Amino acid sequence: FNASGGVSLLGAKIGGDLSCNGGKFEAKEGSALSCDGADISGAVFFANGFHAAAEVRLLGANIGTVLSCKGGAFEPKEGNALTCDGLNVTGDVFLDDGFQARGAVRLRGAMIGGDLSCKDGKFEPKQGSALTCEGAKIGGVLFFRKVGEITGIVSFGGAEVNALSDDCES
């Protein structure tokens, strides 16, 4: 799937999965993909060759199982790469296994019922924040190990995590 303009799923109700695996999303202005307020009963996949050349938004979205960005590339020309403030995910969030963000990744106030995995992820904004999880609640384990690259500020201020698995290098 290739989109050469912004795709809007604002407030959408999806009774299963939203799979964008291998999709290419570009937008000259605004967001590449907007899912603000979406209610997705299954999983969301931005993985396996997914590429966004502008911001991907999931503000206040509800995801019934997992958000997987394994191997996804989020490369906006400017601004945020992935904005998920107020996101509610029943299961896990995967920003790992080759995940790459060339803009800020925001999970402010996100509610994650399972794990947040950043293993082998790259967070390389042009400036400012790399990963912001201020006020997030993570019901499982925060895996912050073997993170590939981080060039920017990482903030978990006020976040609650059930368990942490990290390493000195990351």
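A residue is called buried when its relative accessible area is under 20%, exposed when that area is over 50%, and partly exposed in between, with a 1.4 Å probe and protein chains only. By this scale Asp97 is partly exposed, because its relative accessible area is 46%.

The structure is a predicted model, in which local features need pLDDT of at least 70 and side-chain atom pairs count only at pLDDT 80 or more, while totals for chains, interfaces and linings use all residues. Residues are numbered from 1 along each chain as its sequence is written, and side-chain values use heavy atoms, with hydrogens and water left out.

**The chain as a whole**

The protein chain has zero helices and 26 strands, where helices (H or I, at least four residues) and strands (E, at least two) are DSSP runs numbered from the N terminus. Its radius of gyration, taken over C-alpha atoms, is 14 Å, which agrees with the value near 15 Å that a compact globule of 170 residues would have; the globule rule behind this comparison is 2.2 Å times the number of residues to the power 0.38. Along the principal axes, the C-alpha atoms of the protein chain fill a box of roughly 40 × 35 × 25 Å.

Of the 170 residues in the protein chain, 46% are buried. The accessible surface of the chain is about 7400 Å², and carbon and sulfur atoms hold 48% of that surface; such areas come from the Shrake-Rupley method with a 1.4 Å probe, and for residues only the protein chains shown count as cover. A contact means heavy atoms within 4.5 Å, and among the contacts in the protein chain with a separation of 6 or more, 56% are between residues 24 or more positions apart.

The protein chain carries 15 positive and 21 negative side chains, and the centres of the two sets lie 3 Å apart. In that count Lys and Arg are positive and Asp and Glu negative, with His and the chain ends not counted, and the place of a charge is taken as NZ of Lys, CZ of Arg, CG of Asp or CD of Glu.

**Cysteines**

A disulfide is a pair of cysteine sulfur atoms within 2.5 Å, and by this rule the count comes to zero. For Cys20 the closest cysteine sulfur is that of Cys35 at 6.9 Å, which is too far for a bond. Cys118 is likewise in no disulfide, with the nearest cysteine sulfur, in Cys133, 6.7 Å away. Cys20 counts as buried because its relative accessibility is 10%, and Cys118 is also buried, at 0%.

**Aspartates and a phenylalanine**

The table sets out the relative accessible area of several residues discussed below.

| Residue | Relative accessible area | Class |
|---|---|---|
| Asp96 | 3% | buried |
| Phe45 | 23% | partly exposed |
| Asp120 | 42% | partly exposed |
| Asp166 | 41% | partly exposed |

Asp96 sits in the loop between strand E16 (93-94) and strand E17 (100-101). Leaving out residues up to four places away in sequence, Asp96 touches Cys69, Lys70, Gly71, Ser117, Cys118, Lys119, Asp120 and Gly121. From Asp96 to Gly121 the C-alpha distance is 4.6 Å, although the two are 25 residues apart in sequence.

Asp97 lies in the loop between E16 and E17, and although Asp97 is not a glycine, its phi is positive, at about 50 degrees. Asp120, in the loop between strand E20 (116-117) and strand E21 (122-123), is another residue other than glycine with a positive phi, near 60 degrees.

Phe45 belongs to strand E8 (residues 44-45). Apart from neighbours within four places in sequence, Phe45 is in contact with Asp17, Leu18, Ser19, Cys20, Asn21 and Ser68. With Ser19, which is 26 residues away along the chain, Phe45 has a C-alpha separation of 4.7 Å.

Asp166 lies in strand E26 (residues 160-166) and, not counting residues up to four places away in sequence, touches Phe144 and Arg145. Between Asp166 and Val44 there are 26 Å in space, C-alpha to C-alpha, and the pair is 122 residues apart in sequence.
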